[in-house]
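Thank you all for coming. I would like to walk through one model this morning, starting with the ligands and moving on to the sheets and the rings.

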Amino acid sequence: MIGIYAKGLNPREATREFFAELFGANLISSALLPARKAGLNQIFPALLSSKDSLDQTFPFAPVMPLSTAVQLSKITRFANPTNTVAVLLRPCESRAAVELVKLRQISLDNVLLITRDCPGTVEPETFEEKASDTLPGFSDFTEDDLRPVCRMCSYPEAPVADINIGTFGADAEGGIILEAKTEKGAEILKHIKLEAELEDTSARDAALKSETDKRTAYADKHLAELQKEVAGIDNLIKFFAKCVNCHNCRSMCPVCYCNECFFDSATFHFEGPRYEEWAARRVVLQMPRDEMLFHLGRMNHIGLSCVGCGMCEQACPHDIKVGQLFALISTIAQKELDIHAGMSVTDPLPLATFREEEFTEMGEEKV
Amino acid sequence: MSENFEPKIVGFFCNWCTAAAADLAGTSRIQYPANVRPIRVMCSGSVDASYVIKALLEGADGVLIGGCHPGDCHYVNGNYKARRRVALLKSILTTLDLDPDRVWLRWISASEGLRFAKVIRQMTEELSQKGPNPMGKSPQT
Ligand code: SF4
Ligand code: SF4
Ligand code: SF4
Ligand code: FES
């Protein structure tokens, strides 16, 4: 089911209206969506218990301080089976949520997963610069303001949702395009007054296609340049020259879910004299140790789950393009291994499963 | 490469097969180069990519993971998981131009002492051609 909702309203107003209706009809018990931090020019996911504070929400604010998928794991822990929490996620957040479902960190049983088309986001600093009493919208920024990972993201629309809120292919004041993508979503939309069924989706399909094409072209060019920049260990070391091994990138990564990260574990607590031994062997030993191991190790742990959200890069205190690097290695690895992150909650966990007939040449070679 | 470069190989050998094959090669006096530093693991499936990377960053010229033949893993399918993990590791190393051919995965059963010796010989030869691993020389690694 797909149709126009709240014609005459802009997407923000229309989405608030939609959530008000969900609350009003008792279809949801609470809602998690982006809201203005009280009195501040920043946006954070907020859990609303009624429709009264919906005017504080900014569903389309072009900024993502963190991936809401991680907050979802808190809300769905031992969830009350009689309640329904509606969450509004961007495509990359939905894809991260799917990965977290696969990793058994989230249960979607009591969640109404609502996604929204995403034209991209800017860094929180860039967002704040443009903010005054009113918060800036997407059209207040130029293409160059967007985070590079957004410009490369091939999912303007989320692959997994109960209901998607579409803006591509809709007019600015033409309301939003609501689409039920699951039975659960269709059941909900039955209670919502749609303006009109969208019989002809060709305008939307074309808008989505041209957006995806533009981003793919950018990604191809940009990632090829990045690949040259990091080619070989010396260049990789240069790329991470300013890295202080703080692991912020890992902390903010939605798919790095481990309660205790291996790279923070006691495995890496050594006795003092060991460092001296290593220093003697290398003459000079840079401290802290193991930053290259951390990055390469993390790539192997989550390369097949990376959704390219760039939260790692946004969290880096030294502006290292770590999200773009992860986008590079994961795009290639996911293509080569034919394992794609965030596409389906029923997909198996990439590193805990296998196909008997895959990579059969490996292990047998020669001799 | 210089005549006397002796590549260092770190071997992660499954206790149930490759480690036993190494012992068998030893007790049957099959000659193979002394370039390998064996580490016994309970299953090839227990080798995290970070162990392999650590070895490469610490100056190993190559890493050999030895596991049971498909279908023979004592933990049913650890070797299949190891295979996928190695495929991912090689993809990442290739993208970053970090020579994926320094990482070998080989199925070597407990009775294949001869095959074990051959693999070590072959790997030593190929790594000698390549020369020292550039990943392990920098103070930053
Ligand atoms: S590695 Fe970076 S880009 Fe990939 S999922 Fe984690 S935070 Fe997002
Ligand atoms: S880097 Fe690896 S061990 Fe650390 S949190 Fe991420 S997945 Fe877990
Ligand atoms: S956040 Fe930046 S500085 Fe910190 S470990 Fe990650 S890449 Fe290095
Ligand atoms: S027990 Fe040998 S590979 Fe699993």
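How do the residues of the shell around ligand 1 divide into nonpolar, polar and charged? They divide into 10 nonpolar, two polar and one charged, where Ala, Val, Leu, Ile, Met, Phe, Trp, Tyr, Cys and Pro count as nonpolar, Asp, Glu, Lys and Arg as charged, and the others, Gly among them, as polar.

Before going further, please keep in mind that this is a predicted model, in which local features need pLDDT of at least 70 and side-chain atom pairs count only at pLDDT 80 or more, while totals for chains, interfaces and linings use all residues. Residues are numbered from 1 along each chain as its sequence is written, chains are lettered from A and ligands numbered from 1 in the order in which they are written, and side-chain values use heavy atoms, with hydrogens and water left out.

Ligand 1 is surrounded by 13 residues, the closest being A:C253, A:C306, A:C309, A:G310 and A:C312; a residue is near a molecule if one of its heavy atoms lies within 4 Å of it. The elements giving two or more residues to that shell are α11 and α12 (311–315) of chain A, with helices taken as DSSP runs of H or I of at least four residues and strands as runs of E of at least two, numbered from the N terminus.

Around ligand 2 we find A:R250, A:C256, A:C258, A:C261, A:F262, A:F263, A:R298, A:H301 and A:I302. Helix α11 (residues 291–302) of chain A gives the most to this shell, with three residues, and the shell divides into six nonpolar, one polar and two charged residues.

Turning to strands in chain A, five of the five residues of β4 (residues 85–89) are buried, so this strand is largely enclosed by the rest of the structure; buried means under 20% relative accessible area, exposed over 50%, and partly exposed in between, with a 1.4 Å probe and protein chains only. In a regular strand the side chains alternate between the two faces of the sheet. Here A:V85, A:V87 and A:L89 point one way from β4(A), and A:A86 and A:L88 the other way. Strand β2 (residues 30–36) of chain A runs parallel to β4(A), joined by three bridges, and strands pair if DSSP finds at least two bridges between them. Within that pairing, A:L32 has A:V87 as its bridge partner. Strand β5 (residues 111–116) of chain A is also parallel to β4(A), joined by five bridges, and A:L89 stands opposite A:T115 there.

Chain B contains an open sheet of four strands in the order β2-β1-β3-β4, with parallel pairing. Because β2 (36–41) and β4 (103–107) of chain B stand at the edges, each with a single partner strand, one side of each is left without a neighbour in the sheet.

Finally, the aromatic rings, where rings of Phe, Tyr and Trp (its six-membered ring) pair if their centres lie within 6.5 Å, with planes under 30 degrees apart counted as stacked, over 60 as edge-to-face and the rest as tilted. The count comes to 14 aromatic pairs over all chains. One of them is the edge-to-face pair of A:Y5 and A:F18, at 5.8 Å centre to centre and 70 degrees between the planes, and both residues are buried. Ring pairs also link A:F262, A:F263, A:F268 and A:F294 into a cluster.
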